[in-house]
Amino acid sequence: MGIVSPGFTGRRRSGSDLPPGQYLTRDFPVLSAGPTPHILPEHWEFTVTTETGEISRWDWNAFLQLPAEDVTRDLHCVTRWSKLGTTWKGVSLDTLLADVETAADFAMAHSYGGYTTNLPLEDLLDGQAWVAYEYDGEPLVPEHGGPARLLVPHLYLWKSAKWVRGLVLSDTNDLGFWESVGYHEYGDPWKEQRYAGD
Ligand SMILES: Nc1nc2c(c(=O)[nH]1)N[C@H]1C(S)=C(S)[C@@H](COP(=O)(O)O)O[C@H]1N2
Ligand SMILES: [Mo]
């Protein structure tokens, strides 16, 4: 036909959307290392603790009053499934960290239930990470991390801590739950950084 519909704004889907070693899935698998914590929003809070011990705190109401963004991103799980074009609503870490004074290079995400995962602080900034509380237009269900989870889609999905309760900033790159048992400390899916040494 040779005519491109002017209304067509979708990304062209091709092999280049899929990092090496990944396959496409349409459903949304649930991967949790332990039982699903059921956190009532009124009991939820998110804290950022700096390397000097300063704490910033948002309860659910304060969190919902922060400006939120709609984001569409591809997800890549280290167990090799990828899901393209997932839609979320959440608060950018740029917003949450805007007034936090820190010189730290690293962050440890902590979850209700005890899960942890480590990231360089710079990977949480510049529009790369959110605390997400809606998925596909609905409140985030507990199985996928509700009331709210970290979303860091440029890294393997184990970095996107479900039931997130806070970040602890640090000068040292301490290892989180999966990282301490052999998963890669960074986890770039495009470099296939699945395990330590990859
Ligand atoms: N708190 C917590 N967050 C977690 C996990 C977990 O076990 N506990 N699993 C991680 C892993 S390994 C993956 S692949 C994704 C899975 O997210 P999903 O269950 O929403 O697909 O959550 C990540 N975040
Ligand atoms: Mo995973």
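Visitor: Which strands form a hairpin with Gly113 in the turn?
Guide: That's strand 6 and strand 7, with four residues between them. This is a predicted model, by the way. In the turn, Gly113 has a positive phi of about 100 degrees.

Visitor: And how many bridges join strand 6 to strand 7?
Guide: Five, and the two strands run antiparallel. Strand 6 covers residues 106–111, and strand 7 covers residues 116–120. One pair to look at is Phe106, whose bridge partner in strand 7 is Pro120.

Visitor: What about strand 11, is it parallel or antiparallel to strand 6?
Guide: Antiparallel again, with six bridges joining strand 6 to strand 11, residues 164–170. There, Ser111 has Val164 as its bridge partner.

Visitor: Switching to the ligand, what does Ser111 do around ligand 1?
Guide: An N or O atom in the Ser111 side chain is 3.3 Å from a nitrogen of ligand 1. His144 has a side-chain N or O atom 2.6 Å from a ligand oxygen, and for Arg149 a polar side-chain atom lies 2.7 Å from an oxygen of ligand 1.

Visitor: How much of ligand 1 does the protein bury?
Guide: 96% of the 530 Å² that ligand 1 exposes when taken alone. Ligand 1 sits in the largest pocket.

Visitor: Which residues come nearest to it?
Guide: Pro29, Ala33, His144, Arg149 and Lys162, out of 19 residues around ligand 1.

Visitor: And what classes make up that shell?
Guide: Around ligand 1 there are 13 nonpolar, four polar and two charged residues.

Conventions
Residues are numbered from 1 along each chain as its sequence is written. Chains are lettered from A and ligands numbered from 1 in the order in which they are written. This is a predicted model: local features need pLDDT of at least 70, side-chain atom pairs count only at pLDDT 80 or more; totals for chains, interfaces and linings use all residues. Side-chain values use heavy atoms; hydrogens and water are left out. A residue is near a molecule or strand if one of its heavy atoms lies within 4 Å of it. A polar contact is a pair of N or O atoms within 3.5 Å; within protein, one must be able to donate a hydrogen and the other to accept it, and residues adjacent in sequence count only if both atoms are side-chain atoms. Accessible areas come from the Shrake-Rupley method with a 1.4 Å probe; for residues, only the protein chains shown count as cover. On a 1 Å grid over the protein atoms alone, a cavity is a set of points where a 1.4 Å probe fits but cannot get out, and a pocket is an open set with protein on both sides within 12 Å along at least five of seven lines; lining residues have an atom within 4 Å of a point. A molecule sits in a cavity or pocket if more than half of its atoms lie within 2 Å of its grid points. Ala, Val, Leu, Ile, Met, Phe, Trp, Tyr, Cys and Pro count as nonpolar, Asp, Glu, Lys and Arg as charged, and the others, Gly among them, as polar. Two strands pair if DSSP finds at least two bridges between them.
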